[in-house]
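The entries below follow the order in which I looked things up.

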Amino acid sequence: MKTILISGGNGKFAKALIEANTKFNILAPKKKEMDIRKTSSIINYIKTQKIDYFIHTAAFSTPMASHKIELEKSIMTNIIGSANVAVVCLRN
């Protein structure tokens, strides 16, 4: 059975993917288990698992007004975090 790693395991989209799944082993770590803002956290998580696919759903999304208030959190999660996921996947 193929294994899918889904970032943002506590989010609505990740939960919907898990619920709809019928044929894959899904790993959906919460931020405490795999923080996309830190490449070392992603690398350490991946080292402990056999991953066939990675679906990146982690994001700082709502409410949208919060992005102006918490600009650093928005950038670190949505831009830097996404780049970290891409770089780790590229290397692995």
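**Basis.** I worked from a predicted model, in which local features need pLDDT of at least 70 and side-chain atom pairs count only at pLDDT 80 or more, while totals for chains, interfaces and linings use all residues. Residues are numbered from 1 along each chain as its sequence is written, and side-chain values use heavy atoms, with hydrogens and water left out.

**Fold.** I looked up the secondary structure and found 4 helices and 3 strands in the protein chain. These are DSSP runs numbered from the N terminus, helices being H or I of at least four residues and strands E of at least two. Along the sequence I read the pattern β-α-β-α-β-α-α.

**Dimensions.** I noted that the C-alpha trace spans about 45 × 30 × 20 Å along its principal axes.

**Surface and contacts.** The protein chain exposes about 6300 Å², of which carbon and sulfur atoms supply 57%; accessible areas come from the Shrake-Rupley method with a 1.4 Å probe, and for residues only the protein chains shown count as cover. I found 30% of the 92 residues buried (buried is under 20% relative accessible area, exposed over 50%, partly exposed in between; 1.4 Å probe, protein chains only). Of the contacts with a separation of 6 or more, 50% join residues 24 or more positions apart, a contact being heavy atoms within 4.5 Å.

**Largest pocket.** I recorded a volume of about 520 Å³ for the largest pocket. On a 1 Å grid over the protein atoms alone, a pocket is an open set of points where a 1.4 Å probe fits, with protein on both sides within 12 Å along at least five of seven lines, and lining residues have an atom within 4 Å of a point. Grid points are joined across faces, edges and corners, and the volume is the space filled by probe spheres set on the points. Its lining has 21 residues, with G8, G11, A58, A59 and F60 nearest the centre. Helix 1 (12-20) and helix 4 (71-91) are the elements that give two or more residues to this lining.

**A59.** I located A59 in the loop between strand 3 (53-56) and helix 3 (66-69). A59 counts as partly exposed because its relative accessibility is 49%. Beyond four places in sequence, A59 touches T77 and N78. Its C-alpha is 7.0 Å from that of G8, although 51 residues separate A59 and G8 in sequence.

**Helix 4.** T77 is in helix 4 and is buried, since its relative accessible area is 11%. The C-alpha atoms of I75 and F60 are 8.9 Å apart.

**A28.** I placed A28 in the loop between strand 2 (25-27) and helix 2 (39-47). A28 touches I6, G9 and I18, residues up to four places away not being counted.
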